[in-house]
Amino acid sequence: MILGKHQTTVSPLRAHENVSPTPVLQKLVVCASVLTLFSPAVLNADTLRKSAPLYENPFDLSAGGASLTRATQEGVFFSNPSLPALGRGVLRWIYGRTAVHFGADAIDLARTSFQKKKAGTLKVDSSFIESLLKTPIHIGNDVSLGFISAYGGFGIFQTLRADIEGRQYGSVGLPEVRTKAEAAAGLVASGSIPVGDTLALGASIKPSYAAETFESIALSDFSSGGSKQMLADLKTNTKYGYGVSVSLGATAQFRSQNFDLRLASTVDDVGQTKFSVAEVPPWKQTINLGIGIVPHTRKNALHCAYDLRDVKAAYGEHWTRRSRAGCKALFNSRVGIAAGYYQGWPSYGIVLNLTVMRLEAGSYTREFGTEAGTQGRRVYFVATGFEMP
Amino acid sequence: MNHMNKKRKRLIQLNPKWMRILHSTTALSLFAAAPLSLVSCGRNIVAGYAPKNEQEKAELDMESGKFSAAAERLNALLLEDPTNHSARSLLASAYAAQAGITALGLIKSAGSSSASGNSAQRFNAILPDATTQNLEWMDKACDNMAQIPLEARTTEIKLQYSLFFSAYAFLQVKYFTTQAEALASLSAEDATKLIQTLAQAAEAGGSSPLTKAASTFSTSISSASGDGITKVKTVLAASTP
């Protein structure tokens, strides 16, 4: 029922307990160094999965995706498993959430088609097919259910992102349809412990099934086999398998009466996540760093953060694609607004906490090009769920 | 010890006035971020620092109809790496697009063309005006397609190759058959060029109506009587609308 309960305000009575940041910083650096010992093997196989977490809470996405130092609900499992140890109280949430994501272009096309259908002018002719070819479709959904306490939690999750994009001029100049989809479903369990007053350590384990497909079909494929060929190719190129992903996290929090500073480091896919099927490329180990500041009162908090994911660039992405920055303002644990820059693209969102029910809505932009700023696509999301404190 | 604690507390607990300023600043930064999203018109704020993938940018230029910008990027890329065959094929597409010819357009139009008459007359309707400029664009397009070595031609490149050469051949036919003075002044060089273009269209094979028509047209020229230029003139005269 309380927004981001585990990361919220610090009692003024406890402010005197703060210690000098230096020894804690040293501890954090040592922890990060130990974590970095799990260096990934050099892998040639490429995967659609990059530096982004396996699952991202929609409200966190609307805050630019900077969630290493503060994550919303189930987001802690995936962004930083050490976070629950930093809040107050033992029992945090029993939660359930469903989110849907739609690309803005597809929404526009659907709206136009609906209006035409209503007016009786919709024709499935070549111009309609051409508009389909020019309209990228993005859909996604997330489902999660679980329990989080100060010492960790467990849950189930499912996430899917799918894109279909038509190009009049594909990679060699011919019309092309590109299909890309990633999905994962599984269990997640985490444990977190405070170390002294300022440091928290955590770990999470995610046994899950993952699937991905990437298919680029040029006009020649259509002319020789049509949509059957496309489906056959998609089936051939879909890879799926079972793997167990392990993440480690460490967070340091330097608190005062009205101002907190957080530093966080996580290692995702420790030692790389291998799958039961050899064709599925392993998920590489990534090391992530984040900094966050939290000016707050007893009931309200503002969290501004910057995350640099995959600092060792295991996936070969430029830093501009690995950067997330943004702010979340939480008022009286009832209303939250967020704004930020996700890989440099603007994002924003709102969350309402209505006793047990929780509503989230917002928008962010996904980068579909290889580099930041090349081909951003606006995505809208709506999420609903419950939480019981 | 108490003294130390007090000092530490003073360091961390800021003066209330400064706390108010800090709060206002951070709150302002948040509320500034949302309008900034709108002011920036959804622009990416780190794009300037990101490396550039020129080929991908060229593809996006093509999608938004900026064909000359795409051609400029691709030419620069090919200067660095002349063996980038996908870039060369895309460059051919950029030149063809400037002539008003696209692979999708050719397949769509050629498949649905219901014009009566011979193949040349059928394709006159779906091809752009046979201006000198358009012929030059198609010449550049076909020249780039021809530069792709045979072993590097994928199924897609082969299809584009046959479509562009066929379209270029029929554009030449359109030029000579729709302008009386052009046919009259047809040179041996022009005739050779047309025969070569038709031969190259047939070389790639393909099953599109345009490619098949090019093959038929080529056969008509071969089976006409006389020397090279006479054969071409005879068939072109028969194709004049």
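Angles under 35 degrees count as roughly parallel, over 145 as roughly antiparallel, 65 to 115 as roughly perpendicular and the rest as oblique. The model is predicted: local features need pLDDT of at least 70 and side-chain atom pairs pLDDT 80 or more, whereas totals for chains, interfaces and linings use all residues. Residues are numbered from 1 along each chain as its sequence is written, while chains are lettered from A and ligands numbered from 1 in the order in which they are written.

**Chain B overall**
- Chain B contains 13 helices and zero strands, where helices (H or I, at least four residues) and strands (E, at least two) are DSSP runs numbered from the N terminus.
- Of the 241 residues in chain B, 37% are buried, that is, have 20 or more other C-beta atoms, placed from the backbone, within 10 Å of their own.

**Helix α9(B) against α11(B)**
- Helix α9 (residues 155-178) of chain B and helix α11 (residues 188-203) of chain B have axes that come within 8 Å and cross at roughly 155°; axes are lines fitted to C-alpha atoms, for helices over the stretch in contact, and angles run from 0 to 180 degrees between N-to-C directions.
- α9(B) and α11(B) are therefore roughly antiparallel to each other.
- Residues of α9(B), including Phe165(B) and Tyr168(B), meet residues of α11(B), including Leu194(B) and Leu198(B); contact requires C-beta atoms, placed from the backbone, within 7 Å.
- The residues of this contact divide into six nonpolar, five polar and one charged; Ala, Val, Leu, Ile, Met, Phe, Trp, Tyr, Cys and Pro count as nonpolar, Asp, Glu, Lys and Arg as charged, and the others, Gly among them, as polar.

**Helix α9(B) against α12(B)**
- α9(B) also packs with helix α12 (residues 209-223) of chain B at an angle of about 55°, with the axes 9 Å apart.
- α9(B) and α12(B) are therefore oblique to each other.
- Ser162(B), Leu163(B), Ser166(B), Ala167(B) and Ala169(B) of α9(B) make the contact with Leu210(B), Thr211(B) and Ala214(B) of α12(B).
- These residues comprise five nonpolar, three polar and no charged.

**Strand β9(A) and its partners**
- Strand β9 (residues 301-308) of chain A is largely enclosed by the rest of the structure, because six of its eight residues are buried.
- Strand β8 (residues 286-295) of chain A runs antiparallel to β9(A), joined by five bridges; strands pair if DSSP finds at least two bridges between them.
- β8(A) and β9(A) form a hairpin with five residues between them, and Ile291(A) stands opposite Tyr306(A) in β9(A).
- β9(A) also pairs in the antiparallel sense with strand β10 (residues 323-331) of chain A, over eight bridges.
- Cys304(A) has Cys327(A) in β10(A) as its bridge partner.

Terms used
Contact = placed C-beta atoms within 7 Å. Buried ≥ 20, exposed ≤ 12 C-beta atoms within 10 Å, placed from the backbone.
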